[in-house]
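Good morning, and thank you for coming. Please take a moment with the sequence and the structure on the screen before I walk through a few of the contacts.

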Amino acid sequence: MIVSTFDLFKIGIGPSSSHTVGPMKAANMYTADLAQKGLLDAVDRVYAEMFGSLGSTGKGHGTPKAVLMGLEGELPDQVDVPTIIPRFEGIKESGNLKLNGTHNILFDYDRDLVLNKRESLPLHPNGMVFKAFDAAGEVLLETSYYSVGGGFVANEDDQELHGEMEDESKPVPYPFDSGEELLALCDEHNKSIADIMWENECALQPAAKVRGQILKIWGVMQESVKNGCETDGILPGGLKVKRRAPALKQKLTCNLEKHLTDPLIITDWVTLYALAVNEENAAGGRIVTAPTNGAAGIIPAVLHYYMRFCQGATEQGVIQFMLTAAAIGVLYKKNASISGAEVGCQGEVGSACSMAAGALCAVTGGSPRQVENAAEIGMEHNLGLTCDPIGGLVQVPCIERNAMAAIKAISASRMALQGDGSHFVSLDKVIKTMRKTGLDMHDKYKETARGGLATNVLEVPVHIVDC
C-alpha cells in the first residue's frame, strides 16, 4: 500500500475529515459509479444511511450537508464553500436534488437521509450505505462505504483506500512500512527522511508538480490562519462557542512591548495559529486535513512557528517539513489509525503532534534518529487521549486541544534535539501501543459524544443544528 504526502494532506472543508470530507467523497463516488454503469437516468430516488459514529455525531459534524453536496457531484477541494449551506437548505425545502450535477430527482430529506445512531456496519465505525431506486421501486445499485479517517474512503469490497491512492504499479525507490525500515534507508543511502519521501513522490509524478502541490497546501494552511484571525463571531452548531483568534491576535499585535519582556510570548502566537485554523474548521471553512480535520491546526501552527520564529527558515524548509511529517504520518496510517472513531483522539491529535514534532526537529537540524525520537515523544504523551466532543461538534475540547498539541510538538522537538537520537521506546513500539490502546478503549470515548466531557459538562440538553 503506497500512501502519498497528498493522501495525508488533502485540501477540504470543515468540520470533520471523517464525517464531512469522507462522506462527501463517498457520495460523489457513488453517483459517479451510477453514471459509469449507465444507471443515472433511471434513478427515481436515492437513499443514504449513516451508521455508527457517523450516525451519532453526524449532525454536529456536518455529515448531512456533505452527503447532499456529494450526491450533487461536489468534492471537498472544489466545492464553493459559501454556497454549501444555501444549497443544503434549498434541497431540504424544495425536495429537489440534482444527482451527479445533471439528473433531477425528488429528495425527501427526512425519509431519504437517515442518521442511524445505534447500529454500526461490520468493518468500521464510520459506515454508510447508498441505495438508488428506479420508478418501480426496484434497487438499481446498493453500495457500502467506510470513512476511515483523514478523508480516506474504503469500499465494501476490498476495504482498501479507494479512488485516492497512487497507482501501486508504479514502483517507488524507497518503500518502507515501519520506522525501523525508514531509518535503515536513511543510513544506507545517507539521506534524510524528507529526501526519502521526496524521491518516492517524484517516482509517482514530476518533481515540479510535487513541489507545487506542497506549496499549494502550505498556501491553504496560511489562508486558513488568516481567515481564522479575521473572522469574529459565534461558531455554528448550538453551543454558542465564541471565536477567540481575532481577539487574541489583536492583543498580540497591540502590545509589542510584551514581546520584549515575556519569554513565553511565542507560545501565544502558536496558540493563535492553532485556534485560528480550528475555528475555521469548526465553521465549515476551507482547511487542510493534517492528517485529519479534528487535528488540522497542529501542523500549520508549528509550521508557522518555524517560518516566523526559527532562524534561517526558508520555503525549501517548508517542503522538508511537509515531507518529513508525511513520512511519519504514513507509519500511523499503515500500522495504526488516524480515525477518532476507531482509536480515539490519540489517532488524530496524537498523530498530528507526532508528525509536527518530527518535522520541526528535521528543519531545525535534527538527524533522522532525532526526528524519530521527536515523533515518538509526540505520541507517547498523547496515548489514551479520548475523543469526546461536546454535542458531537468539533469545538470543545477539539479547538483548544490543537493549541495544546502544537506546543507539545515544539517541546518534543526541542527535547529530541538535546539528545543523540537514542531513546528507550521506539516510534514503531509507540505506534503499536497506540493501536492497541485504541482497540481497548470503550466505544463511548471514540467520537460518539456518549462519554467524557460530552456527558459531564452540559447539565441540560443542547439542540445541535447542522454545522
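Let me begin with a term: a salt bridge here is a side-chain nitrogen of Lys or Arg within 4 Å of a carboxyl oxygen of Asp or Glu. Before I use it, please note that this is a predicted model, in which local features need pLDDT of at least 70 and side-chain atom pairs count only at pLDDT 80 or more, while totals for chains, interfaces and linings use all residues. Residues are numbered from 1 along each chain as its sequence is written, and side-chain values use heavy atoms, with hydrogens and water left out.

To describe their surroundings I will call a residue buried under 20% relative accessible area, exposed over 50%, and partly exposed in between, with a 1.4 Å probe and protein chains only. On that scale K446 is buried, with a relative accessible area of 8%, whereas D443 counts as exposed at 52%.

Another salt bridge pairs the side chains of D440 and K436, at 3.0 Å from N to O. D440 is exposed, with a relative accessible area of 57%, and K436 counts as partly exposed at 48%.

A further salt bridge brings together the side chains of R211 and E315, at 3.1 Å from N to O. Because R211 lies in helix α9 (residues 207-230) and E315 in helix α14 (residues 315-335), this pair ties together parts that are 104 residues apart in sequence. R211 is partly exposed at 30% relative accessible area, and E315 is also partly exposed, at 43%. There is also a network of salt bridges that links R45, R111 and D112.

The buried residues include T63, P64 and K65. After α4 comes G73, whose phi is positive, near 95 degrees.

G73 also brings us to N28, whose side chain reaches the backbone oxygen of G73 at 3.0 Å, a polar contact in the sense of a pair of N or O atoms within 3.5 Å, where within protein one atom must be able to donate a hydrogen and the other to accept it, and residues adjacent in sequence count only if both atoms are side-chain atoms. The side chain of N28 reaches the backbone oxygen of E74 as well, at 3.2 Å. N28 itself lies in helix α2 (residues 17-36), and it counts as buried at 14% relative accessibility.

Lastly, we can turn to C202, which is placed in helix α8 (residues 193-204) and counts as partly exposed at 25% relative accessibility. C202 and E315 are 113 residues apart in sequence and 18 Å apart in space, taken from C-alpha to C-alpha.

Notes: Helices (H or I, at least four residues) and strands (E, at least two) are DSSP runs, numbered from the N terminus.
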